[in-house]
Amino acid sequence: MAWFLYCLSWLALALQGVFIILSLASGLYYLCELVEEYSTTASKVFRYLIWITTVIFICLWLFDSFPLLMCTMGIFANLVHVMVLKDYPAIAITSFPFIMTVVMATVNHFLAFRYFSSVWYPFTEVLAYFTICLWIIPFGFFISITANDLVLPTTSQSGERRDKGRQGSGFKAIIDLARESILPGNSSKRF
């Protein structure tokens, strides 16, 4: 029998999985760099995405008869996202708008799972709903948490000095830590 080729196919599948994970990690790292460098442009992109997803929720309610509660909660989540944008790129994970973003993401996922488990849609349409309406904006905020890591030290309203760039947080800090532990040595950028 062809047991050797069968084992080889499982090894190849494992290698492909590793390559996919590394590709995703490097893509996310690049997105973090872009958001860090162009935070004003990223804020405008988020604002446009919020408007687009709001229009999509309205269209889903009007044309595809999606439940009113699900669409209303999606629009309410977008209003919470606008509140997060007020302090952008300084997103504090303990702030009320950010906590409400997490709560609304959980509520919207619950409503979506409940709806799609009772009404059949093709997998691509369900995935499109989750990607565009539920994941794209919170995922962008997750990437943006690292946008103020390398900001110069500032003073707070009470006059005390804070070093924002000393503490790494978010996805980029995790990748940097992994890179430094796996590849020790000079971590400066080489072009």
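How many nonpolar, polar and charged residues are in the lining of the largest cavity? The points below lead up to that count and then look at other parts of the chain.

1. Ground rules. This is a predicted model, in which local features need pLDDT of at least 70, side-chain atom pairs count only at pLDDT 80 or more, and totals for chains, interfaces and linings use all residues. Residues are numbered from 1 along each chain as its sequence is written, and side-chain values use heavy atoms, with hydrogens and water left out.

2. Overall layout. The protein chain has six helices and two strands, in the order α-α-α-α-α-β-β-α along the sequence. Helices (H or I, at least four residues) and strands (E, at least two) are DSSP runs, numbered from the N terminus. Of the 191 residues, 30% count as buried, where buried means under 20% relative accessible area, exposed over 50% and partly exposed in between (1.4 Å probe, protein chains only). Among contacts (heavy atoms within 4.5 Å) between residues at least 6 apart in sequence, 65% join residues at least 24 apart.

3. The cavity. There is one cavity of 30 Å³ or more, and the largest cavity has a volume of about 70 Å³. Here a cavity is a set of points, on a 1 Å grid over the protein atoms alone, where a 1.4 Å probe fits but cannot get out; lining residues have an atom within 4 Å of a point. Grid points are joined across faces, edges and corners, and the volume is the space filled by probe spheres set on the points.

4. Its lining. F57, G74, A77, N78, H81, T101, M104, A105, N108, C133, L134 and P138 line the largest cavity. Two or more of the lining residues come from each of α3 (68-85), α4 (96-118) and α5 (123-144). As for the opening question, the lining has seven nonpolar, five polar and no charged residues. In this scheme Ala, Val, Leu, Ile, Met, Phe, Trp, Tyr, Cys and Pro count as nonpolar, Asp, Glu, Lys and Arg as charged, and the others, Gly among them, as polar.

5. Helix α3. With 18 residues, α3 reaches 26 Å from its first C-alpha to its last, close to the 26 Å expected at 1.5 Å a residue; the expected span is 1.5 Å times one less than the number of residues. Its buried residues are M70, C71, G74, A77, N78, V80, H81, V84 and L85, and they pack against α2, α4 and α5.

6. Helix α1. Residues 3-37 form α1, whose 35 residues reach 51 Å from first C-alpha to last, close to the 51 Å expected. Buried in α1 are L28, Y29, C32, E33, V35 and E36.

7. A residue to look at in α2. T53 sits in helix α2 (residues 39-63) and counts as buried at 2% relative accessibility. Leaving out residues up to four places away in sequence, T53 touches N78, I132, C133 and I137.

8. Cysteines. Taking a disulfide as a pair of cysteine sulfur atoms within 2.5 Å, the count is zero. C71 is buried, with a relative accessible area of 3%, and its sulfur is 8.2 Å from the closest cysteine sulfur, in C133, too far for a bond. C7 is partly exposed at 44%.

9. A loop residue. S65 lies in the loop between α2 and α3 and is exposed, at 56% relative accessibility. Its phi is near 55°, a positive value in a residue other than glycine.

How values were computed. 1 Å grid on protein atoms, 1.4 Å probe; cavity = no way out; pocket = protein on both sides within 12 Å on 5 of 7 lines; lining within 4 Å.
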